[in-house]
Amino acid sequence: SATSMRSLIRSGTLSGAILSLISLGRYDEALASADEARGIFEQHGNVLGLARLDSNVGNIYYRQDRFEAAISLYRRAYEQLAQLGEPQDIVAALGNMAMTYTSLNDFQKAQASYEQARAVCDSYGLPLFALRADYNVAYLYYLRGEYTRALELYRTVREHCERLGDTYRSALCDLDRSEMYVELNLSDEAGELATRALARFNRLGMAYEAAKAVTNLAIATSRQGDLERALDLFDEGRRLFAREGNQVWLALVNYYQALVLFRRGEDARARSFCGAALELFARAGVPVQAALCDLLMA
């Protein structure tokens, strides 16, 4: 009937809009749209629509560092998409699962998912999706401490992204490399890449990624000796993550700022920020970062 057709169109529009709302950090609106779309899909028995919706809702949880909730939805989506979806759906589902496994430190499952996704890309001729898989493999190398392999693959992926017009993925390569250079104490390189990534994310209106870039820039700036500017950047990062509702990254910003204040000899302020970070890490169930806070407090 015409009513049924209108409701199906409405559900598709709601599901598609979720991605835009996620990018804008409007998670409550995204979840409300998802609930409405789910009701319509269930009413019409649209299994494929429900699977794609699970992937989209999983993306909300992933950006909020709610990884267990995200992986549950991604797995359920993949089971359906592997049977009913297009190749792009399958690759996206595998990529989502792999990223979440990486965040859960299950690198073996992450690697297996990426290899599966790459095989699908090669089979169906999906170069852009293959590029995204390579980007994620580079990040996996980075987390494993294989910095040389990671940096080489990031450079290759960024060059291809620039040629293909994938501005977002290119900026992500800059962001991740800036994080690596921070860890390697190469502050000038880290600051340059974080600045370039920040400018692009701001143009794209992507607050979550911009907040990460601001944080990397703040750390690099503090190591270059400009502590006042670094503290201003930490304030900006904290404001953005608070707006995103991301407690883990909010705690990380507090921890990094505590380190800077400690090095300046401002022990009372450092203790305050470190205590706030410790409370957030404990609440979020992140024991390694909580231990770092305990060390700094000691």
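1. The expected figure is 1.5 Å times one less than the number of residues. The model under review is a predicted one.

2. The buried residues of α4 are Phe-67, Ala-70, Ile-71, Leu-73, Tyr-74, Ala-77, Tyr-78 and Leu-81. They pack against three helices, namely α3 (47–63), α5 (87–103) and α6 (107–124).

3. Helix α6 passes the length check as well: its 18 residues should span 26 Å at 1.5 Å a residue, and its end C-alpha atoms are 26 Å apart. Buried in α6 are Ala-110, Gln-111, Ser-113, Tyr-114, Ala-117, Val-120 and Cys-121. The cover over these buried residues includes α5 and α7 (127–143). After α6 comes Gly-125, with a positive phi near 65 degrees.

4. Arg-223 belongs to helix α11 (residues 207–223). Its relative accessibility is 37%, so Arg-223 counts as partly exposed, since that class lies between the cut-offs of 20% and 50%. Beyond its neighbours within four places in sequence, Arg-223 is in contact with Val-182, Glu-183, Asn-185 and Ser-187. With Asn-185 there is a polar contact between the two side chains, at 3.1 Å. Gly-191 is 32 residues from Arg-223 in sequence, and the two C-alpha atoms are 10.0 Å apart in space.

5. Ser-187, one of the contacts of Arg-223, lies in helix α10 (residues 187–204). Ser-187 has a relative accessible area of 13% and is therefore buried, the cut-off being under 20%. Once neighbours within four places in sequence are set aside, Ser-187 is in contact with Ala-220, Arg-223 and Gln-224.

6. The model contains eight aromatic pairs. In the pair of Phe-241 and Trp-249, the ring centres are 5.2 Å apart and the planes meet at 20 degrees, so this pair is stacked; the cut-off for stacking is under 30 degrees. Both Phe-241 and Trp-249 are buried.

7. Two further aromatic features deserve mention. Tyr-139, Tyr-142 and Tyr-147 together form one aromatic cluster. Separately, Arg-132 is placed over the face of Phe-129, at 5.2 Å from the ring centre.

Key
Residues numbered from 1 in each chain as written. Predicted model: local features only at pLDDT ≥ 70, side-chain atom pairs only at ≥ 80, totals over all residues. Heavy atoms only, no water. Helix = DSSP H or I, 4+ residues; strand = E, 2+ residues; numbered from the N terminus. Buried < 20%, exposed > 50% of the residue type's maximum accessible area, 1.4 Å probe, protein only. Contact = heavy atoms within 4.5 Å. Polar contact = N/O pair within 3.5 Å; in protein donor to acceptor, adjacent residues only side chain to side chain. Phe/Tyr/Trp six-rings, centres within 6.5 Å; stacked < 30°, edge-to-face > 60°. Lys NZ or Arg CZ within 6 Å of the ring centre and 35° of its normal.
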